[in-house]
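Biologist: Could you show me how to read burial and strand pairing from a set of coordinates? I would like to take one element at a time.

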Amino acid sequence: MKKQQVFLSVMVAIVMMAMSSANALAFKKESIDIDVDGKSRNMIVFTPDKMKKKMPLFIITHGMNQNPEYQYENDKIYEMIDTAKFVVAYLRSDGNTWDVRGDKDLNFVEKTMEEMYNRYKINKRRIYWSGFSMGSMLIYRGLERFADKVACFAPTSGFLFHYEPWADLTKKVNIIHHQSTHDSVFPLDRFDLYDYVGKVAKKNGEGTTQTYTKTEGYQSREGDYVGTKEVWTNADGHVIELFTYPQGDHFPSWHNRKEIWNFVKQFSLPK
């Protein structure tokens, strides 16, 4: 009996090692430099092991004083690509911050889209953009410019409080925003995220019928975060969602990844 147990234990260990090796080889990781307005810019790109044309592209912008390595080690979105089948590009800021007042980094985002299409023939109708902290501030800075290039935006733990995107927004957008109510960098008793997202949603609903729902005790797809989910749905199909929860603080988190991906993947730009 003991020999049989030892044999089974060894076989289980071998299988687990094989699975681990397979997972480790399930994607390709590349450091890619591109020219943006005469300056070399860098990104870390993960592609599925088995590539095909017309895959979605997920662009991700990290937080202030951080980098792509810290972002992907914590959001772990790249781990989903081999089964979900998309390309993910983690952009690197020029220095410690993103240009949230000018066009330098918005140009970088646009050049990234072009580069990913030239290299991998990604699906231009299914480009998504997520960000953390200052990387999310950059998203709100670029809402109007990229409304017809990005099918869905997924900011997390940050918003551009000194800028009113609803004032410039002339096109419809899809957004899923995640935020901890215990965020120490963007405390919600100081920065009114609810009003901010609500005004973006109100602008987004102009010219169409819009419904609003609020769910208390909503549990995320990972099963760890429980909070309040607010959804503004347009009759024309555009959706804005805000999910706030008491768990966590101010750091990129893998707890959001399935919730984000399952939301963004349903959207594509019109032909």
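Predicted model: local features only at pLDDT ≥ 70, side-chain atom pairs only at ≥ 80, totals over all residues.

Biologist: Which residues of H9 are buried?

Modeller: A residue counts as buried when its relative accessible area is under 20%, and in H9 that applies to Arg257, Glu259, Ile260, Trp261, Phe263 and Val264.

Biologist: Which strands pair with S10, and in what sense?

Modeller: Strand S7, residues 175–180, pairs with S10 in the parallel sense over 6 bridges, and isoleucine 176 has glutamate 241 of S10 as its bridge partner. Strand S9, residues 226–234, runs antiparallel to S10 and is joined to it by 6 bridges, with threonine 233 partnered by valine 239. S9 and S10 form a hairpin with 4 residues between them, and glycine 237 in that turn has a positive phi of about 100 degrees.

Biologist: What is the radius of gyration of the whole protein, and how does one read that value?

Modeller: The protein contains 9 helices and 10 strands. Its radius of gyration is 20 Å, close to the 18 Å that the globule rule gives for 271 residues, so the protein is as compact as a globular protein of that length. Buried residues make up 50% of the 271 residues.

Definitions and conventions
Residues numbered from 1 in each chain as written. Heavy atoms only, no water. Buried < 20%, exposed > 50% of the residue type's maximum accessible area, 1.4 Å probe, protein only. Helix = DSSP H or I, 4+ residues; strand = E, 2+ residues; numbered from the N terminus. Pairing = 2+ DSSP bridges. Rg over C-alpha atoms; globule rule 2.2 N^0.38 Å.
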